[in-house]
Amino acid sequence: LFSKRDWLAGAGLALLTVRPHFVILLALPVLISRRKAFAWFVLFAGILTAASVALLGLQGTADFIDILRLSA
């Protein structure tokens, strides 16, 4: 963020979506202070979501979300 590479900050934040509770804590300040970095985060997170759904299918994705809810 300090080097003004918003796309890289967004990509790094999107890679953190494996741990959703960390993303929420880090995405809120980025949303408030750096809207462009947050837009990159949304783009990269969408790409990662599409890739996950393509690999797992809809039922596998639903099962993964159920596991996340149980572990929370």
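Here is a short walk around helix α1 and the helix it packs against, α3.

Before you click: this is a predicted model, where local features need pLDDT of at least 70, side-chain atom pairs count only at pLDDT 80 or more, and totals for chains, interfaces and linings use all residues. Residues are numbered from 1 along each chain as its sequence is written, and side-chain values use heavy atoms, leaving out hydrogens and water.

**Stop 1: α1.** Select residues 6–15. Helices here are DSSP runs of H or I, at least four residues, numbered from the N terminus. Now colour Asp-6, Gly-10, Ala-11, Leu-13 and Ala-14, which are buried (under 20% relative accessible area, with a 1.4 Å probe and protein chains only). They sit on the same side of α1, because they cover an arc of only 165° around the axis, taken from the directions from the helix axis to the C-beta atoms.

**Stop 2: α1 against α3.** Their axes (lines fitted to C-alpha atoms over the stretch in contact, with angles from 0 to 180 degrees between N-to-C directions) lie 7 Å apart at an angle of about 45°.

**Stop 3: Gly-10.** Zoom in on this α1 residue; Gly-10 has a relative accessible area of 0%. Which residues does Gly-10 touch, not counting those up to four places away in sequence? Show Ala-37, Trp-40, Phe-41 and Phe-44; contact means heavy atoms within 4.5 Å.

Definitions and conventions. Buried < 20%, exposed > 50% of the residue type's maximum accessible area, 1.4 Å probe, protein only. Helix = DSSP H or I, 4+ residues; strand = E, 2+ residues; numbered from the N terminus.
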